[in-house]
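Dear colleague,

Here is the structure I promised to pass on.

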Amino acid sequence: MPDPVRAAAVRAVIILALTLSQLVVVLLCTLAGSWLAFWMSLSTVASTVVATWAVLDIWITRQQWRQRHGVVSVPSSVARRRPLGRD
């Protein structure tokens, strides 16, 4: 995995871990009846949007790296030239 893609993946994992931690806090605050549950739920919704973007960032960075650095492609059997004796 190229370095930029790896960095995007690490960012996404950290953001996802924080979002899941927020979700657990929201669940516990809701069960306890705390006033903090509402604000934490708003924060968790925002974090979910950020986490979704972080996961998409992995895919976007991977595609960008492929376009800039190219990929080694081998033609398939369909793409090979036909023998000269056949028409």
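Is Asp 3 buried or exposed? Asp 3 is exposed, at 55% relative accessible area. Here, buried means under 20% relative accessible area, exposed means over 50%, and partly exposed lies in between (1.4 Å probe, protein chains only).

First, the ground rules. This is a predicted model: local features need pLDDT of at least 70, side-chain atom pairs count only at pLDDT 80 or more, and totals for chains, interfaces and linings use all residues. Residues are numbered from 1 along each chain as its sequence is written, and side-chain values use heavy atoms, with hydrogens and water left out.

Salt bridges

The search of the whole structure finds two salt bridges. The criterion is a side-chain nitrogen of Lys or Arg within 4 Å of a carboxyl oxygen of Asp or Glu.

One joins Asp 3 to Arg 6, with the closest N and O atoms 2.8 Å apart. Both sit in helix α1 (residues 3–32), and because they are three residues apart, about one helical turn separates them. Helices are DSSP runs (H or I, at least four residues), numbered from the N terminus. Arg 6 is partly exposed, at 40% relative accessibility.

The other joins Asp 57 to Arg 11, and here the closest N and O atoms are 2.9 Å apart. Asp 57 counts as buried, at 16% relative accessibility. Arg 11 is partly exposed, at 44%.

Helix α2

Does the span of α2 agree with or depart from what its 34 residues should give? It agrees: at 1.5 Å a residue the helix should span 50 Å, and its end C-alpha atoms are 48 Å apart. The expected span is 1.5 Å times one less than the number of residues.

The buried residues of α2 are Ala 37, Met 40, Thr 44, Ser 47, Ala 51, Ala 54, Asp 57 and Thr 61. They pack against α1.

- Thr 61 lies in α2, which runs over residues 36–69. Thr 61 is buried, at 11% relative accessibility. A polar atom of its side chain lies 2.7 Å from the backbone oxygen of Asp 57. Leaving aside neighbours within four places in sequence, Thr 61 is in contact (heavy atoms within 4.5 Å) with Pro 4, Val 5 and Ala 8.
- Ser 47 is also in α2. Its relative accessibility is 18%, so Ser 47 counts as buried. Not counting residues up to four places away in sequence, Ser 47 touches Thr 19 and Gln 22.

Just after α2, Gly 70 takes a positive phi of about 70 degrees.

Surface and chain start

Trp 35, Leu 36, Phe 38, Trp 39 and Leu 42 make a nonpolar surface patch of about 610 Å². Such a patch takes residues with over 30% relative accessible area and no salt bridge, with nonpolar side chains (Val, Leu, Ile, Met, Phe, Trp, Tyr) joined within 5 Å. Areas come from the Shrake-Rupley method with a 1.4 Å probe. Leu 42, in helix α2, is partly exposed, at 42%.

Pro 2 is in the segment before α1. Its relative accessible area is 24%, so Pro 2 is partly exposed. Pro 2 and Arg 66 are 64 residues apart in sequence, yet 9.7 Å apart in space, C-alpha to C-alpha.

Best regards

How values were computed:
Helix = DSSP H or I, 4+ residues; strand = E, 2+ residues; numbered from the N terminus. Polar contact = N/O pair within 3.5 Å; in protein donor to acceptor, adjacent residues only side chain to side chain. Patch = residues over 30% accessible without salt bridge, like charges linked within 9 Å, V, L, I, M, F, W, Y side chains within 5 Å.
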